[in-house]
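Please keep the sequence and the 3D view open while reading.

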Amino acid sequence: MPTRTRFTIWRPLATAAVTLLLAAFLTPATASAAGTARTRESLPRYSYADAVREAVWVDTGLDGDGDGRTDRVAVDIVRPREPAAQGRKVPVIMDASPYYSCCGRGNESQKKTYDADGHVVQMPLFYDNYFVPRGYAVVGVDLAGTARSDGCVDVGGRSDVLSAKAVVDWLNGRARAYTTRTGTERARATWTDGRTGMIGKSWDGTIANGVAATGVRGLRTIVPISAISSWYDYYFQQGAPLYDSGPEWLSDYVDSPEARARCAAVQQRLVDGAPRTGDLTALWAERDYVKDAAKVRASVFLVHGMQDLNVRTKHLGQWWDALADHGVRRKIWLSQTGHVDPFDFRRAAWVDTLHRWFDHELLGYDNGIDREPMADVERHPDQWVTSATWPPRGTTATTLRPAPGSEAGVGTLGLRRAPGSETFTDDPALDETDWTAHLDRSTPEKAGFLTAPLTRDLRLAGSPSVTVTATPTTATAHLSAVLVDVGPDTVRDYAASGEGITTLADRTCWGASTPGDSACFKETAAKTVDVGATVVSRGWADLGTYADPGHGVPLTPGRAYTLTVDLAATDHVVPKGHWLALVVAGTDRDLIDPPADRPTLTLDLARTSARVPLVGGPAAFARATSGRGPATPGTAAPTGVPEPRTAPRVP
């Protein structure tokens, strides 16, 4: 982090006063000179208190609610007043969200608030407080069907994506907007140069992915945080259901009261198009942004928690790889947290990096951020490393093969193929925490395989996969595969309610404040737990999708089936003295739903393997496992994080 201070302990009135004084005395000329003296950056030269606050309604061209009128979405704008008066245009930072009125944004669940004229008073999060004084407009879009917008929520489909895309089009002079929801007076975005960056966490970041995948002109960059890249993979993985409900529940959760009354037909289409069979349907194809990665024109700064059990890092891995295949400029942060915004796990560095990213991408400043390492990775709580590229150069998919051990269900993992079999019985009452706690002994619900104890560190970086050949005893079967770092460590407690953070009482301030919109937010600290094992990557599948990942079929008991399970992307170092383990089991309680039957499965070990992206490839694995030591961690159970919470998740 640069030495300049960007935050203060919460003194709202003093902070606001000082900021206004600075805005009054720091003229554009002196601010520019100050910026030139350093690495070039935008400085807080404009008054936040005097910022223009306005609302417009953009015509989406869709009639999602079927009322015979095209839908209009509400767009709240906070922009500096001075540039327009000086004849200069500003770029836009945009967060399109379904959550502004129902649920709130950020760690403190902030909602939009309005004055008597319907102009936004509080825009959630710090973006407006920080960036408006620096010469950006901040735009908060209520997705169709939410808050003050027309239309219906369709959970990542055309209505969601095109209602946000229409705003980018309006900012670039290609769409119409009005000063009221039903009126005819036009509103024009004469104050902007059209250069737009979209940002947001979870569903908001998902919409940024979706809009970028349309190839819309004027969208210069997106910053998706813990975002979905394909909605099918939010609800299912390879036919295995991840939740006991479909997108219709989520739509109802965020719909405005008016939308709930008029959107029954959309709700029914969500039910009909997303059967709980796990089949890939046209509804899911429409909500797959990965297939349209070739259309992306914007740069992408991607942030994700590697232990996010809500929007799992499978979303990150497949999106990242597709963008790389099409030459999209990218940057990435990977934390040890669950579903957490970087503002709440690495605040000072995040604000600084985001500031420089937007300056580079939207203002065109040559500040060197494009020449810095591509990746920041949290190796231990609050301890970060960088990689010039991600995955690092020299990373090679390495095939690791299981072999029988001295007792049933406790085998070995190495480079050589070995004959043999292992048998386990699905137990829907158990999960990955139970499996890792019993890696050193035979239990009926899982098959575990461990490497020799490592004599060198071994780094995994990328998206693993596990191929199994399994013979079931029933017509239905679900499979789970997890990679585990076995050995003592202190990690973020991603399974706790804060998903790796604890919220504190003190506040720090990031930008300027007004009486109705404070720039001061509660501080956080890492919440950690001591463990004896860490799940590094996980994945699930319905064995019935062995022939077609888009369609499951009943199994024939006694017949062997081969299936590859995609695991979530990761970047993890298994340290010297630890073991790397592969576990294959059935239902992972609370992470996938159980099958209709309770199968026993027999693995053909000669036709079962894991492809693991290792830095240094097979040679690095061979060196790291060449020593001698105990075959298992011993009699002490390698405990993982406490059991993940089971509260309903929303993206």
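## Basis

This is a predicted model, in which local features need pLDDT of at least 70, side-chain atom pairs count only at pLDDT 80 or more, and totals for chains, interfaces and linings use all residues. Residues are numbered from 1 along each chain as its sequence is written, and side-chain values use heavy atoms, with hydrogens and water left out.

Helices (H or I, at least four residues) and strands (E, at least two) are DSSP runs, numbered from the N terminus. Buried means under 20% relative accessible area, exposed over 50%, and partly exposed in between (1.4 Å probe, protein chains only).

## Disulfides

The structure has three disulfides, each a pair of cysteine sulfur atoms within 2.5 Å. In sequence order of the bonded cysteines, the pairing runs 1-2, 3-4, 5-6.

Cys 102 bonds to Cys 103, with the sulfur atoms 2.1 Å apart. The S-S torsion of this pair is about -95°, so the disulfide is left-handed. Cys 102 is partly exposed, at 27% relative accessibility. Cys 152 is joined to Cys 263 at an S to S distance of 1.9 Å. Cys 152 sits in the loop between β6 (137-142) and α5 (158-171), and Cys 263 in the loop between α9 (257-262) and α10 (264-273), so the bond ties together parts 111 residues apart in sequence. The torsion of Cys 152 and Cys 263 is about -85°, so this disulfide is left-handed. Cys 152 is buried at 1%, and Cys 263 is buried at 2%.

Cys 509 and Cys 520 form a disulfide, S to S 2.0 Å. Cys 509 belongs to strand β24 (residues 501-509) and Cys 520 to strand β25 (residues 520-526), 11 residues apart. A torsion of about 100° makes the disulfide of Cys 509 and Cys 520 right-handed. Cys 509 is buried at 4% relative accessibility. Cys 520 is buried at 4% relative accessibility.

## Helix α5

Helix α5 has 14 residues, and its end C-alpha atoms are 20 Å apart. In α5, 11 of the 14 residues are buried, so the helix is largely enclosed by the rest of the structure. Among them are Asp 160, Val 167, Asp 169 and Trp 170. Just after α5, Gly 173 takes a positive phi of about 75°.

## Nonpolar cores

A nonpolar core is a set of buried Ala, Val, Leu, Ile, Met, Phe, Trp, Tyr and Cys residues joined through side-chain atoms within 4.5 Å. The largest has 100 residues, and Met 94, Trp 170, Met 198, Trp 203 and Trp 231 have the most contacts inside it. Helix α5 gives the largest share of this core, seven residues.

Contact means heavy atoms within 4.5 Å. Neighbours within four places in sequence aside, the contacts of Met 94 include Val 139, Ala 164, Val 168 and Met 198. A separate core of 37 residues includes Met 123, Leu 125, Tyr 136 and Ala 512.

## Sheet

An open sheet of 12 strands has the order β8-β7-β1-β2-β6-β3-β9-β10-β13-β14-β15-β16, with mixed pairing. Strands pair if DSSP finds at least two bridges between them. At the edges, β8 (186-187) and β16 (383-387) each have a single partner strand, so one side of each lacks a neighbour in the sheet. Strand β3 (residues 90-97) and β6 pair in the parallel sense over six bridges. Asp 95 has Gly 140 in β6 as its bridge partner.

Methods
Expected span 1.5 Å × (residues − 1).
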